[in-house]
Amino acid sequence: MSSNSFAYSEQSGGGEATELGQEATSTISPSGAFGLFSSDLKKNEDLKQMLESNKDSAKLDAMKRIVGMIAKGKNASELFPAVVKNVASKNIEIKKLVYVYLVRYAEEQQDLALLSISTFQRALKDPNQLIRASALRVLSSIRVPIIVPIMMLAIKEASADLSPYVRKNAAHAIQKLYSLDPEQKEMLIEVIEKLLKDKSTLVAGSVVMAFEEVCPDRIDLIHKNYRKLCNLLVDVEEWGQVVIIHMLTRYARTQFVSPWKEEDGLEDDEKNFYDSDDDQKEKTDKRKKSYTMDPDHRLLIRNTKPLLQSRNAAVVMAVAQLYWHISPKSEVGIISKSLVRLLRSNREVQYIVLQNIATMSIQRKGMFEPYLKSFYVRSTDPTMIKTLKLEILTNLANEANISTLLREFQTYVKSQDKEFAAATIQTIGRCATNISEVTDTCLNGLVCLLSNRDEIVVAESVVVIKKLLQMQPAQHGEIIKHMAKLLDSITTKLLTQYILNLGKYDQNYDIRDRTRFIRQLIVPNEKSGALSKYAKKIFLAQKPAPLLESPFKDRDHFQLGTLSHTLNTKATGYLELSNWPEVAPDPSVRNVEVIELAKEWTPAGKAKKENPAKKFYSESEEEEDSSDSSSDSDSESGSASGEQEEEGDSSDDSSEDSSSEHKSDSESASEVGNKRTAKRNSKSKRKRDSEDGENENEKSKTSDSSNADSSSIEDSSSDSESESESESESESRKVTKEKENKTKQNINPLTKDVSLLDLDDFNPVSTPVALPTPALSPSLIADLEGLNLSTTSSVITKEVRLKSSEEKSRKTFKDYNPHIMVSTPVFVPVKTHVLLHRMSGKGLAAHYFFPRQPCIFGDKMVSVQITLNNTTDRKIENIHVGGKRLPVGMQMHVFNTIESLEPEGSITVSMGIDFCDSTQTASFQLCTKDDCFNVNIQPPVGELLLPVAMSEKDFKKEQGMLTGMNETSTVIIAAPQNFTPSVILQKVVNVANVGVVPSGQDHIHRFAAKTVHSGSLMLVTVELKEGSTAQLIINTEKTVIGSVLLRELKPVLSQG
């Protein structure tokens, strides 16, 4: 109705408003002598006359213009008397705009606003929710202590309003009233407690904000509402999500024990991954006894994870800090990709995100190492962003990537931004301090910068070199001599006088004071005191070496994403995160007694049929919680014990989390709906199949993949049955399930519970029953042999469909191109690489080479053969792989322990290493009974490939899809005899493990391969040109590997 009246007033009142405007202009026009000020006077007089008009259309037009002025930042306060007269207007559109104006100026014009309080109180009873909410907003904006009781009464009434929008504004008013009169705190807490129980997503964020402002220490108010807030979080508006997540982070730190204390146990398990199953199970059981994550703790982590994909940067940052502060360290890594995504936002967002990444990267380098290139500096970045990116690059620097970073820093030093260039030199100094292998290289580079024309670069280089030399003065005598040679043409005395004279007239008073002090010591005169005698002892005394540390090192005690963390000082209103409690407080305080009420509401006649289904769903939810709360994937014992408790007392649901409490009724209701749907469509087999597919998708959200697999089998077996055969089939299914239970009793205890269900209740309507057993196990295939062909085919079809949905994310190019297959290697080079020299290994020598065969230990691993030689005259015992230091994502399958190696003996063993499509070094220890030796394996880029066979047509098709940034090329110059087909083939396959693609053109040679880890295509083309030149082209999605391979192939093809 309001929109219609709005449109009508626009159409009908336009002419009258124009007339009024013209009249106003004509009456004021004689005062043209006022010059510049006359136009403003006219405009305001015009608006005043329109507001005093009897026509609603004129008033509405005037209010639109006034609100437009406010939106543009213009001052419209002098129109307050004219506007406030229309507060009692019967036109809803006018009234809404008047309230918008009053909210803006009520605090400035308190006396005039007080005259209309009775109108606001009447508006609180208005039928329109927008008017009620606006009246409350205006009332709370009049900051006069005398109306505090009226505001308090209005807030109490609004908190019980039927409209969630009004209740939301009541929560906003709580904060305003508290800032006006803090003595009302106790009464306001009662209102907050009431609003916290509100189930509306519109209210949740606002009331939590009021809670944080008024009583952030009253954690007891959150207990009963914790699970509800976790479940509503996804649907709350974005700024409400930010407030709730920050509050729940503080709550979790006070109510749950630390999940970090178990990280040592996890690392041990990873190291002993290939232990026997019994040993692994014992360790898992011990860890479960020592620490089990609270289901409510897991609920919070699970429900905030989807928000990492939010479009709002503040929400993503809030979830990131929550994961950083309360989740297990093994799960924190998922936030890195989301934070890097925010770097595409505007510079203000980048600044905050980079500050938080800088703090994180000090403690957890591995989180952001895969995204190193995202922190490279762009020429368009402002200086503050460049400096932060430099800080992060310094934190992420290690032996593997320092060479790349130093090349990047060399470019930065040449930047026109002098502040950034100086910061880069400081960064090079820090890298030299942190990574001892490149200290000399960095020092030599900094010495070269002393000859730079830019004085700022030279000055900063001198400062950094001085700090580095102070750390290790004895080892860098040559550099000191080189720097001394630069002063040959300048006498030291004159230089000293020059510097002291500069300091004497410096603008900084501190430098002037220091200059006067030093002059008296270095250049003594008759006025100098006794201190000048001891100048040498003062200046040349032993001093501690300077520390080059990150400025973000001491910020980790502030909560990430807060103003205090950004400023590196405690801001007003900052709430510190408490330490984890040693013993978890009682978790029963979060239990809400909603379950009993739901059971009483359930009709008695339906209890028999609904209870098994309800029990089934609650168990699946409980199983999910138990599997999530355990950091290890094998949690069968925990879920089994949870099940036995369910068997003993099906009514005891206190251990379930709130998600199962809120969803159990709706799920049982949806199951009844599914039964009716299946009954209507029992004659149409295709329709049933499609609907069951939808049911499977719904169930897969709340159950494990094993449950979903078995569910699809059970669904398909029940789908193929007709109603006339339901009785006979139900008997056969009972026998089938009994066989399964006997066979798999030790594998999955859940089968026992499912077999107790009364399947006769479900047969007439063919309702799918999820059976949590592995899909198509040998015993199940044997049991399915008695079923008809359609049932079996349905089972297989559904299994294939389910498998394809699960493995969709793991598809490589061969899944879409079945005509492209891995082929045998064309050539296997016999070149070996030294892994351990006999002198370093105390007689044990090791060499390795790449056999260019698919690895037997894993599809994504590169096969490596290691030959061990005993060059001593004694037996070497217990040769094995010790500690591993692998980059993030890299995996290694080690060889079995060699008990002994005879003198002059030799043995060859195989290993598998997943290099993650990179040439990073795999570092590990090769150990004997007495010693351990640090060794490294770094693969040539050509060994990261597997040859593939494809036709010329397929090659051109794939090459056409890998153009632009996925294509790199270079020109090769060589003698014509080096461009014969046999020579090109020999040189290319010697460098890279590629397959030959048949070519119909003599001057074009094509080779194809795929990367071992990701399966990305690598297409190599050598196209001969006129004369003695050729073009080498590489097409691949892996541009880094492609460019490295290009650099390695070019010199080989150019050689004679």
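The structure is a predicted model, in which local features need pLDDT of at least 70 and side-chain atom pairs count only at pLDDT 80 or more, while totals for chains, interfaces and linings use all residues. Residues are numbered from 1 along each chain as its sequence is written, and side-chain values use heavy atoms, with hydrogens and water left out.

The chain holds 44 helices and 16 strands (DSSP runs numbered from the N terminus; helices are H or I of at least four residues, strands E of at least two). Of its 1056 residues, 47% count as buried (under 20% relative accessible area; exposed is over 50%, partly exposed in between; 1.4 Å probe, protein chains only). Among contacts (heavy atoms within 4.5 Å) between residues at least 6 apart in sequence, 66% join residues at least 24 apart.

Five strands form an open sheet in the order β2-β3-β4-β8-β6, with antiparallel pairing (two strands pair if DSSP finds at least two bridges between them). Its edge strands, β2 (833-836) and β6 (891-893), each pair on one side only. Strands β2 and β3 (residues 844-849) run antiparallel and are joined by 3 bridges; V834 stands opposite H847 in β3.

Helices α28 (509-522) and α29 (535-539) each supply at least two residues of the nonpolar patch. L531 lies in the loop between α28 and α29, and counts as partly exposed because its relative accessibility is 49%.
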